[in-house]
Amino acid sequence: MVEKIITLENIPLIEFLGVENKNINEIASAFPKSKIISRGNEIRIQGSSPEIIKINEIMTSLINHYNKYGKLTEENIASYIKMDKEDVLEGNDQVLLYGTKGFKICPKGANQKKLVEASNKNDLVFAIGPAGTGKTYISVALAVKALKEREVKKIIITRPAVEAGENLGFLPGDLKEKIDPYLRPIYDALDDMIPSEKLKYYKEKGVIEIAPLAYMRGRTLKEAFILLDEAQNTTPMQIKMFLTRMGPKSKMIINGDTTQIDLPNRQKSGLLETLEVLKGVEGIGFIKLSGKDVIRHKLVRHIISAYEKFENK
């Protein structure tokens, strides 16, 4: 029998463990061959190596979740247990990289796996799907993996400067400073994958560049992994400009949600046009994600499904 000890630091035990250790007992019931014992701020896991690895990954994910959101719910516990079991059932051993706190980063579900496969086969991939399907997170993971394995020399992440019901003009600072808050999901993903000091160094040296789409004009982006997020808010001219920046030994992933276009009325989405123009072009991958791929709160999946039904009417 193998034992693993996890120490909880700066986390209120009652909030993490649950009343009468309810949260821990929930995990223990999912792995009946192992023992999970809570003593003070230590959690001891006893059992076979394969199960201990799975339980440790779930516990690490829960600790990260608590540190990020400040709480744990029964649905959070069930969700992380379910995700681990789905990985086992689907034979998901495709680890892209290990996060800064030791947890595995790998594709969740069939369509995220298809996105990874498409990126491995093609230098240009379009990933289209609603919010919460993990397309941005997996795309960032692929970029970080390519950088770590020295397949590229830099990562460039960009998005168009379009307000989602807000006005950028009233925000202080230059264009980059105005748009930085909109890039928060990308910064969060990078924080999960690269230690903070190394990430700071990469950004200072230009190894990782996060900038508005307007900053890409006139450049040739070579030996880089380039990610365009929120591509549904590009104009036809902008996305054409972006696509033609691609230089030698580069890869691109273009993410977009065609149901959330924030462009002014009567302005055509460049993403929609490009999907038509490039349909059938060899060497380009097209991945479609749906509400079934949503990995956020289960209600998000139901909300997206309800909107899809309403719009189809």
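This is a predicted model: local features need pLDDT of at least 70, side-chain atom pairs count only at pLDDT 80 or more; totals for chains, interfaces and linings use all residues.

Visitor: Where do Phe126 and Phe286 sit in the chain?

Guide: Phe126 is in strand β6 (residues 124–128) and Phe286 is in strand β11 (residues 284–288). They are 160 residues apart, and the pair links distant parts of the chain.

Visitor: And Phe126, buried or exposed?

Guide: Phe126 counts as buried because its relative accessibility is 0%. Phe286 is at 35%, so that residue counts as partly exposed.

Visitor: Why is the pair of Tyr201 and Tyr202 tilted?

Guide: The planes of Tyr201 and Tyr202 are at 50°, so the pair is tilted; the ring centres are 6.2 Å apart. Tyr202 is buried, with a relative accessible area of 16%, whereas Tyr201 is partly exposed at 46%.

Visitor: Changing topic. Which residues in helix α11 are buried?

Guide: In α11 (residues 270–277), Gly270, Leu271 and Thr274 are buried. Down the helix axis they fall within an arc of 95°, so they line one face of the helix.

Visitor: What covers the buried residues of α11?

Guide: The cover includes β6, α10 (236–243) and β10 (251–256). Strand β6 is also where Phe126 lies.

Visitor: What about Ser269, at the start of α11?

Guide: A side-chain oxygen of Ser269 comes to within 3.3 Å of the backbone nitrogen of Leu271. Leu271 is one of the buried residues of α11.

How values were computed:
Residues are numbered from 1 along each chain as its sequence is written. Side-chain values use heavy atoms; hydrogens and water are left out. Helices (H or I, at least four residues) and strands (E, at least two) are DSSP runs, numbered from the N terminus. Buried means under 20% relative accessible area, exposed over 50%, partly exposed in between (1.4 Å probe, protein chains only). Rings of Phe, Tyr and Trp (its six-membered ring) pair if their centres lie within 6.5 Å; planes under 30 degrees apart count as stacked, over 60 as edge-to-face and the rest as tilted. The arc is that of the directions from the helix axis to the C-beta atoms. Contact means heavy atoms within 4.5 Å. A polar contact is a pair of N or O atoms within 3.5 Å; within protein, one must be able to donate a hydrogen and the other to accept it, and residues adjacent in sequence count only if both atoms are side-chain atoms.
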